[in-house]
Amino acid sequence: MTVDGAAREFEERFDLKRRLRPFEHLRYRASDVGTRAVHLDDFAAIPFLDGVSGVEHYQHRARLRARGGDVYVASTPTSAGYERYCREVLGLGAVDLLTVDPADDRLAIARACMENRALLDRLGALARRAGLVVEPFLGSEAIWDLAAAVAAESGARVRVLAPPPPVTWIANDKANFEDLVIAVLGPGFLPESRRSASAEALARALLELSEAGPSVALKRLRCASAMGNEVFESAAIRRRGFSGVLDVVRGFLERTGWKGDEDVLAVCWEPATSSPSTQWWLPPPGGGEPTLGGVYEQILAGEEGVFVGSRPSGLAEEVEKRIVSQSGRVAAALQRLGYVGRCSFDHLVLPDGRVVFTECNGRWGGTSTPMNLVDRLYPGGRPPYQAQAFVHPELVGTTFRQLLARFGDAVVDRGSKAGRFLLYNVGPLKGFGKFDVVALGSSRSHVEELMTVELPRRLGLGA
């Protein structure tokens with residue numbers, strides 16, 4: 001099917017013309033480029049992230065997108081010295097932090113903004129000057145409610161640089177995304193799967209799929225970074241028989257807080273030679289076609305493939321071209337449905353050479369955030385680099401200033417272009433010994449040496 005045909009099919013299936021009408025006055029337009037923005041990384045709509053250590057500090061990743069004159073919102077204070085590092089060392093411009101108290105939900109900062117009269121007044125005042133763009137991590141319902149509240153309070157132009165919720169959940173819901181891929185590209189571009197809201201049907205699906213490959217998995221539909229996945233050996237599933245597999249399914253549903261009101265995916269967990277992602281920017285109407293940000297190799301941990309980092313791809317050119325061609329058509333379909341902003345797709349390169357999709361990340365994330373930072377600091381072209389989370393128990397209690405001292409002149413300084421490391425997402429450092437780092441080198445092998453040898457040495461953690 002053509003991209004336009006697939007988009008029309010989805011518009012009708014999801015009744016998008018009617019459902020998008022209430023959001024029309026807030027939708028980002030090409031003429032809004034350059035408008036002052038408020039950035040906020042509200043994670044409340046993504047299940048299970050509250051189990052990630054220090055995740056409430058991840059809200060400060062929004063600082064890396066902000067430009068001079070922008071503001072960003074978080075429910076936690078910034079690490080001492082970090083704002084100076086962003087302004088003076090990295091040269092990211094003067095940005096104000098607005099803090100809110102989310103009370104019972106530490107991740108729901110959009111809702112907290114709406115309940116904070118002083119903050120709403122501040123955003124309204126900013127909007128009255130020359131308009132305001134709300135640029136979130138994810139275009140959730142709460143984000144659009146906040147934008148509507150600021151527009152109503154100020155009477156000014158307020159836009160959201162993200163897709164409206166009906167389109168956000170076409171991209172981020174794994175079942176909806178599977179349907180979109182099939183509509184655009186046809187069969188054969190996804191791992192074999194089944195979906196159901198019945199535990200019995202899911203148990204039968206796992207048994208059927210266990211005949212097709214060495215592993216199978218269950219997936220919740222709206223999770224990030226494999227947090228809602230569980231992988232099982234196919235042989236072990238077959239040995240259990242139906243009643244035993246039904247117990248496995250029920251245990252998974254209970255652990256993941258399933259309410260019985262949404263489908264769950266049972267999938268064939270394909271062995272892969274690589275797990276690349278494609279990073280895209282989808283402009284608003286009149287802003288041009290989707291733009292490829294790059295092809296990246298994901299660094300995954302554990303059997304479930306939890307994301308821990310990324311680096312620019314070293315895949316064969318022919319494989320990259322195929323990935324880009326396939327994902328570009330799906331990106332174009334999402335854009336026609338009303339998707340605006342950052343979007344990425346996860347893929348698998350299979351041993352037989354086929355490339356399949358696994359999911360869409362319709363939001364800012366762990367690859368696009370450092371990619372955007374590197375592009376800001378190196379507008380002439382990206383050097384070889386790798387971005388990765390780093391955690392070590394000996395770092396618990398370390399402050400950001402102490403971390404900077406350990407790196408010394410190895411920290412990238414925009415003024416001198418010296419240094420090899422960029423530090424960010426440092427909020428979890430003191431409590432959990434955890435931060436994110438980008439190593440920049442002269443080659444892929446140099447970057448690997450920086451990450452595996454130089455980084456531990458600088459941190460005083462041994463070889």
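## Chatting through a predicted model

Student: Let's start with Gly309. Which strand is Gly309 in?
Tutor: Gly309 sits in strand S12, which covers residues 306-312. Keep in mind that this is a predicted model.

Student: Got it. Is Gly309 buried or exposed?
Tutor: Gly309 counts as buried, because its relative accessibility is 2% and the cut-off for buried is under 20%.

Student: What does Gly309 touch, leaving aside its neighbours within four places in sequence?
Tutor: Gly309 is in contact with Glu297, Gln298, Ile299, Ala387 and Gln388.

Student: And how far is Gly309 from Arg106?
Tutor: Their C-alpha atoms are separated by 25 Å. Along the chain, Gly309 and Arg106 are 203 residues apart.

Student: Let's zoom out. How many helices and strands does the chain have?
Tutor: There are 15 helices and 17 strands in the chain.

Student: What share of the residues count as buried?
Tutor: Of the 463 residues, 57% count as buried.

Student: And what about contacts between residues at least 6 apart in sequence? What percentage join residues at least 24 apart?
Tutor: That comes to 70% of those contacts.

Student: New topic: helix H12. Why is H12 described as largely enclosed?
Tutor: Helix H12 runs over residues 368-377, and nine of its 10 residues are buried, so the rest of the structure largely encloses it. Among those buried residues are Pro370, Met371, Leu373 and Val374. Arg376 is also one of the buried residues in H12.

Student: How much space lies in the second largest pocket?
Tutor: About 640 Å³. Besides H12, the elements giving two or more residues to its lining are strand S1 (37-40), strand S4 (132-136) and strand S11 (291-301).

Student: Which lining residues lie nearest the centre of that pocket?
Tutor: Those are Tyr28, Arg67, Glu135, Leu161 and Trp281, out of 29 lining residues. By class, the lining has 12 nonpolar, eight polar and nine charged residues.

Student: Ok, switching to the largest nonpolar core. Which of its residues touch the most other members?
Tutor: The core has 40 residues, and Tyr85, Phe407, Leu422, Leu423, Phe435 and Leu459 touch the most other members. Several elements each supply at least two residues of this core, including helix H3 (82-89), H12, helix H13 (400-407) and helix H15 (444-459). Strands supply residues too, among them S16 (421-424) and S17 (434-440).

Student: What does Tyr85 touch, not counting residues up to four places away in sequence?
Tutor: Tyr85 touches Leu90, Phe400, Leu404, Val411, Leu422 and Leu423. Apart from this core lies another one, of 30 residues, with Ala7, Ala183, Trp280 and Ala331 among them.

Student: Last topic, phi angles. What's the phi of Asn425?
Tutor: Asn425 has a positive phi of about 50°, although it is not a glycine. Most residues other than glycine have a negative phi. Ala103 also has a positive phi, of about 60°, and is not a glycine either.

Student: Are they buried or exposed?
Tutor: Asn425 counts as buried at 4% relative accessibility, whereas Ala103 is exposed, with a relative accessible area of 61%.

Definitions and conventions
Residues are numbered from 1 along each chain as its sequence is written. This is a predicted model: local features need pLDDT of at least 70, side-chain atom pairs count only at pLDDT 80 or more; totals for chains, interfaces and linings use all residues. Side-chain values use heavy atoms; hydrogens and water are left out. Helices (H or I, at least four residues) and strands (E, at least two) are DSSP runs, numbered from the N terminus. Buried means under 20% relative accessible area, exposed over 50%, partly exposed in between (1.4 Å probe, protein chains only). Contact means heavy atoms within 4.5 Å. On a 1 Å grid over the protein atoms alone, a cavity is a set of points where a 1.4 Å probe fits but cannot get out, and a pocket is an open set with protein on both sides within 12 Å along at least five of seven lines; lining residues have an atom within 4 Å of a point. Grid points are joined across faces, edges and corners, and a volume is the space filled by probe spheres set on the points. Ala, Val, Leu, Ile, Met, Phe, Trp, Tyr, Cys and Pro count as nonpolar, Asp, Glu, Lys and Arg as charged, and the others, Gly among them, as polar. A nonpolar core is a set of buried Ala, Val, Leu, Ile, Met, Phe, Trp, Tyr and Cys residues joined through side-chain atoms within 4.5 Å.
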